[in-house]
Amino acid sequence: LDIMGQNRYDVLIIGSGPAGLGAAIYAVRAGLRTAVIDRSPVSGGQVLTTYEVDNYLGFPGLSGSELSDKFRMHADNLGVSFITADVQGVENAASEKIVHTAEGDFVANAVILATGASHSKLGVPGEEKLSGMGVSYCATCDGAFFRNRTVAVVGGGDVAVEDAVFLAGICKKVYLIHRRDKLRAADSLQKKLLSLENVEVIWNSEVKEIAGEDIVEGVSVYNNVSKTQSSLAVNGVFIAVGIVPNTKMFQGMVEMDEKGYILADETCVTSQKGIFAAGDIRKKTMRQIITAVADGANAVYSVQNYFMEQA
Ligand code: NDP
């Protein structure tokens, strides 16, 4: 630890998605010495890889990266400090919290965990082997590699449908493979999807294997209604089957549910005093940009209450 105190803060925020940056602007405006730690120098989290965000109040139709830039600019303009470091764990010492990172330790009086969530794996043969060789988890990142080709998107949520709509503008043909006969995605997205001529939804179907030697050549699909197996020739597979929280490094430190989401209500107070959880890592029902930003504000309010209790 540096004795000059450069690594000491009132509040350290781990994660620079909407929850982390939302917390950061509230913390700085409350006069707290604040820093945001993220392993990536580019802020935005999952928003960054969202093609278009149409439901964030006041900014209709911005791309995910444009909205992320605005969030970051707002935080920069208020003087938030940013640290690029991979957090390995948080230690709840007597009165201070120590954030351990590969780049050294940082100390704060309170910590807000806002590391969000990442994509889930499908867990079928071929997925891992062909990852980056036609298997992708980010349509906005990798879609351009599949211009005029045929791809499959797996899933039925907002991300899957958004990805399919985005890819339909680039690819010759897009199959959306969903395990049920109803999509989970928002109605407006579904309408957009079903209006596209080069999209075909393969209902009641589960991907059992991704085929290909060095590069994706197809998927084998099981129809759980007709109980039949078939194969589809595709050049790429985009997997959008939900998210898992990025909380591995906090396991055993704060209480979590069986899926790894941190137990905290809308006050963002966790089982550990002085440690708060905001955004997608928290057990909650609505994981949206707007609810993540709201968590950030609530978390800082709780940090201030905590400091008052300590005084
Ligand atoms: P969701 O959990 O909403 O959807 C996951 C989809 O994958 C479901 O359709 C699910 O099927 C399917 N699925 C899950 N596991 C498997 C499996 N093993 N095999 C096949 N299919 C599977 O996740 P998303 O990533 O789409 O979205 C994450 C969160 O982000 C959501 O809360 C979403 O609302 C939010 N979001 C909001 C956006 C917006 O509002 N603009 C944009 C992007 C994300 P089933 O339906 O049968 O369970």
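## Ground rules

A polar contact is a pair of N or O atoms within 3.5 Å; within protein, one must be able to donate a hydrogen and the other to accept it, and residues adjacent in sequence count only if both atoms are side-chain atoms. This is a predicted model: local features need pLDDT of at least 70, side-chain atom pairs count only at pLDDT 80 or more, and totals for chains, interfaces and linings use all residues. Residues are numbered from 1 along each chain as its sequence is written, and side-chain values use heavy atoms, with hydrogens and water left out.

## Thr-34

Thr-34 sits in strand S2, residues 34-38. Its side chain reaches the backbone oxygen of Leu-32 at 2.8 Å. Thr-34 is buried, at 5% relative accessible area (buried means under 20%, with a 1.4 Å probe and protein chains only).

Leaving aside residues up to four places away in sequence, Thr-34 touches Tyr-9, Val-11, Ile-13, Ala-24, Ala-27, Val-28 and Ser-81. Contact here means heavy atoms within 4.5 Å.

## The whole chain

The chain has 6 helices and 19 strands (DSSP runs: helices are H or I, at least four residues; strands are E, at least two). Its C-alpha trace spans about 65 × 40 × 30 Å along the principal axes.

Of the 311 residues, 49% count as buried. Among contacts with a separation of 6 or more, 58% join residues 24 or more positions apart. The accessible surface is about 15,300 Å², and 50% of that surface belongs to carbon and sulfur atoms (Shrake-Rupley method, 1.4 Å probe).

Conventions: Buried means under 20% relative accessible area, exposed over 50%, partly exposed in between (1.4 Å probe, protein chains only).
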